[in-house]
Each structure stands twice: as structure tokens, then as C-alpha cells.
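The sequence and structure come first, followed by the terms and the residues.

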Amino acid sequence: MTERYFVVREDLLPEAIVKTFRVLDMLKRGEAETVNEAVERVGLSRSAFYKYKDGVYALDSLDRERIVTISMDLEHRAGTLSKVLAYVAQCEGNVLTIHQSIPLQGLANVVISVDISGLKTPLPVLIEGIRKQDGVRRAAVAGQG
């Protein structure tokens with residue numbers, strides 16, 4: 001069976017699901033040190049917490065986890081990719097994956113997946129900055145999610 005997801009207003013959710021989210025939030029913020037302490041404070045059983053804990057997310061927290069795939073053509077010179085990666089890190093992007101082809105005719109295609117949830121510059125500025133790095137012939141967003 002395919003998993004299905006729903007967006008439901010909080011006041012329509014069963015109390016156990018709302019309390020489960022509160023427990024997760026308390027643990028994340030450090031307001032409770034243990035699951036036991038948190039469930040006692042919100043009035044939820046441990047079994048209900050463990051039943052729902054892996055399926056409760058706030059809509060705004062899902063928006064923070066953003067991944068962009070960037071495709072680039074880089075000149076086959078030592079340090080070119082390193083400079084691009086350093087620039088992405090400087091902008092506070094987190095590189096998740098790197099795929100590089102074998103250089104042909106002096107160019108290598110490189111595809112990186114970057115978590116941009118902590119990016120301190122807008123995405124178009126990041127892409128333009130990558131394009132300006134020495135040895136970068138082309139850089140473009142290939143996908144976003």
C-alpha cells in the first residue's frame with residue numbers, strides 16, 4: 001500500500017497526536033531530558049508517543065528541509081571542484097552528494113545535491129557565485145525539492 005499524507009488543522013487532530021508533537025518539540029528544545037519526563041508533563045502515555053512519534057511533523061519543519069540539485073561543467077584543472085565546494089560552504093549550503101563524470105575534452109560534468117535550508121544567500125545568488133568561480137563553464141539548477 002502506498003503511503004498517503006494529509007495536511008490537517010491542529011484542532012481537528014486527535015489529542016494523542018497533538019501531544020506527541022508537543023513531546024517531540026519539548027525534547028528538541030531541551031525542555032525535557034527524557035521521553036518519560038516529557039510524556040508525563042503533557043499527559044500522554046509512552047505507548048501512544050511511540051505509536052505516533054515517527055509520523056508527526058509540523059508543516060513548517062518540512063519546508064526547512066530543502067534540497068537543490070546543481071549541474072555544472074567544470075574545467076579539468078586541479079582545485080576547481082574544491083573552490084566550488086568551498087564557496088557553497090561559505091554560503092552555508094550543506095553538500096549532500098557529489099557525482100562527477102570522467103573529464104572529456106577538458107570538461108567534467110559534476111552534479112551536487114545541496115541542503116539549502118541554512119543558506120544565508122538566496123539560491124539565485126548562490127548559483128551566480130558558482131558560475132563566477134574560476135574554471136566553472138556552466139552551472140544550473142537541475143532540480144529542487
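## Terms and basis

Buried means a relative accessible area under 20%, exposed means over 50%, and partly exposed lies in between, with a 1.4 Å probe and protein chains only. The model is predicted: local features need pLDDT of at least 70, side-chain atom pairs count only at pLDDT 80 or more, and totals for chains, interfaces and linings use all residues. Residues are numbered from 1 along each chain as its sequence is written, and side-chain values use heavy atoms, with hydrogens and water left out.

Thr80 belongs to helix α5 (residues 80–90); helices are DSSP runs of H or I with at least four residues, strands are runs of E with at least two, and both are numbered from the N terminus. At a relative accessible area of 3%, Thr80 is buried. Setting aside neighbours within four places in sequence, Thr80 is in contact (heavy atoms within 4.5 Å) with Leu74, Glu75, Asp134, Gly135 and Val136. Gln133 is 53 residues away along the chain, and its C-alpha atom is 7.9 Å from that of Thr80.

Lys19 sits in helix α1 (residues 15–29) and is buried, with a relative accessible area of 14%. A polar atom of the Lys19 side chain lies 3.4 Å from the backbone oxygen of Val42.

## Positive phi in two loops

Glu92, in the loop between α5 and β2 (94–100), is not a glycine but has a positive phi of about 70 degrees. Glu92 is partly exposed, with a relative accessible area of 48%.

Gln105, in the loop between β2 and β3 (107–115), is also not a glycine and has a positive phi of about 55 degrees. Gln105 is exposed, with a relative accessible area of 85%.

Definitions and conventions. A polar contact is a pair of N or O atoms within 3.5 Å; within protein, one must be able to donate a hydrogen and the other to accept it, and residues adjacent in sequence count only if both atoms are side-chain atoms.
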